[in-house]
Amino acid sequence: MLKGKTQEEIRKDLPVSGAYRDETTPIAEDVEVTVAGKAETVSIVRYLSDLEILQYRGDVLWTCIAAFLVFIMQAGFAMVESGFTRAKNAVNIMMKNIMDFCIGTIAFLIIGFHIMFAGPDEPLFFLGKTEATQWGFAFWLFQCVFAATTATIVSGGVAERCKFTSYLIYSLVICAVIYPIFGGWAWGSLLDGSGWLEAVLGVGFYDFAGSTVVHSIGGWLALAGALVIGPRVGKFDADGTPKAIPGHNLPFAVIGGFILWLGWFGFNPGSTTTFDGNLARIAVMTNIAGAAGGIGAMAAIWFYTQKPDVGMTVNGFLAGMVAVCAAVDVVNVFGALIIGLVAGVLVVFSVIFIERKLKVDDPVGCVSVHGVCGAWGTLAYAVFGVEQFSMTVLAAQLVGIGVAFAWSFGCGMALFLAIKHTVGLRVTAEEEEVGLDIKEHGNEAYSGLQVDRHSY
């Protein structure tokens, strides 16, 4: 453990901060010793024991596995979004989900990671000093897939009418600047930063796995995008009555929903970034909330329309897992059940309200699933995530929710308006009628197949 070195020699090997510690670097700790019969606490430095090295490697391995599961959610988002929209735009949606991850990765690598986690003395452009440790790579990868998820959420709100080049621009800005800045306010201390929301009102804003930091940020950006770009051609009658534009492949959307459910077992348990027994508990709470959300949404839409709609049910179980992210590490079984159930009911009536009252065309329901239900789950922490209810904790959660909305919606409006008045945000009416697959990409998703026109 000491490798034959003096304390002074070992101190020279100490990393700048614990965030840059590798399995071969020493750690500093306080130990209690007895001197002349009197107990004293002294600070020593030492190298890791074999057992601690094993734990370190387990942390790296689990965080990477969790990141891989979150990455698979890109496929889930692509399938849900394309299934809920028309066949003539399926290639475009697949391309958007490919490129928001590709562009998001590079943007987060170059600048986003630095903005979100850098301390005052350690730049993190292109990974910075985290590149010197196995843990640095694992942590960066996990945070990168979170950033890409935020950008992917926005895709659904502007589906079927957004220019592909404009999509690339806003994905870049979201992953490089908008998401990392708020993420730093809420999660900066996970590495070398320090976010002001982490200490707000003396209790701190709490969001364990991103109900607000990831999901609501993406949802409110999607709302801004949908407002600026406007509804799809034919979505609303002259009097503002919404018309159904059915998705072309609901089984595809359901399979995508299940892939997202699988990915959530990395999204929430992976947020521990530690290989320990709490993983199972968090996975179970995630599963309970998702199942309750699916039941709640099915019951709500069945009551409202007299039919158990499959699309709403998919959005219900997604909403349940979005909502529980904030408090999933601390809620009990009852709390996870209630959070998920309420989210499932809430998402149904939120979709209806946003479409019929606000006249916003959100083809996938991402504003409701991620924005509204992310806010609900974050607020629910103040009731179900604490041992004793406190108005201060409730206020801190409300501050975080409000700041997230103001920041993401405000930045989103500025970003989408800037794109609209420069390179243009929306395709032409002719391109929208023919479909973005042919006009933007020169491809057909179902070439050679005769597609029913109502789904086209």
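Here are a few exercises on this predicted model, each with a worked solution.

Residues are numbered from 1 along each chain as its sequence is written. Local features need pLDDT of at least 70 and side-chain atom pairs count only at pLDDT 80 or more, while totals for chains, interfaces and linings use all residues; side-chain values use heavy atoms, with hydrogens and water left out.

**Exercise 1. Work out how the protein chain's radius of gyration fits its length.**

Step 1: Start with the rule, which is 2.2 Å times the number of residues to the power 0.38, with the radius taken over C-alpha atoms.
Step 2: For 456 residues, a compact globule would come out near 23 Å.
Step 3: The protein chain has 24 Å, so the two agree.
Step 4: For the outline, the C-alpha atoms fill a box of roughly 90 × 45 × 40 Å along the principal axes.
Step 5: Inside that outline sit 14 helices and two strands; these are DSSP runs numbered from the N terminus, H or I with at least four residues for helices and E with at least two for strands.

**Exercise 2. Find the largest nonpolar core and look around Trp264.**

Step 1: Buried means under 20% relative accessible area, exposed means over 50%, and partly exposed is in between (1.4 Å probe, protein chains only). A nonpolar core joins buried Ala, Val, Leu, Ile, Met, Phe, Trp, Tyr and Cys residues through side-chain atoms within 4.5 Å.
Step 2: The largest such core has 119 residues, and Trp264 is among those with the most contacts inside it, along with Phe146, Tyr170, Tyr179 and Trp187.
Step 3: Helix 4 (residues 134-157) gives this core its largest share, 13 residues.
Step 4: Now list what touches Trp264, where contact means heavy atoms within 4.5 Å. Beyond its neighbours within four places in sequence, the partners include Met73, His215, Leu318 and Cys325.

**Exercise 3. Trace the salt bridge between Arg232 and Glu160.**

Step 1: A salt bridge needs a side-chain nitrogen of Lys or Arg within 4 Å of a carboxyl oxygen of Asp or Glu. Here the closest N and O atoms are 2.4 Å apart, so the pair qualifies.
Step 2: This pair links distant parts of the chain: Arg232 is in the loop between helix 6 and helix 7 (250-267), Glu160 is in the loop between helix 4 and helix 5, and they are 72 residues apart.
Step 3: Check the burial. Arg232 has 4% relative accessibility, so it counts as buried, and Glu160 counts as buried at 0%.
Step 4: Widen the view: Arg86, Glu160, Arg232 and Asp361 are linked in a network of salt bridges.
Step 5: Glu160 also touches Asn89, a residue in the loop between helix 2 (50-83) and helix 3. Asn89 counts as buried, with 0% relative accessibility.

**Exercise 4. Compare the exposure of the partners in the Glu430 and Lys439 salt bridge.**

Step 1: Their side chains meet at 3.8 Å, N to O.
Step 2: Glu430 has 55% relative accessibility, so it counts as exposed.
Step 3: Lys439, at 39%, is partly exposed.

**Exercise 5. Which residues have a positive phi near 50° or near 60°, and where do they sit?**

Step 1: Phe126 has phi near 50° and sits in the loop between helix 3 and helix 4.
Step 2: Leu201 has phi near 60° and lies in the loop between helix 5 (164-187) and helix 6 (211-229).
Step 3: Leu201 is partly exposed, at 48% relative accessibility.

Conventions
Contact means heavy atoms within 4.5 Å.
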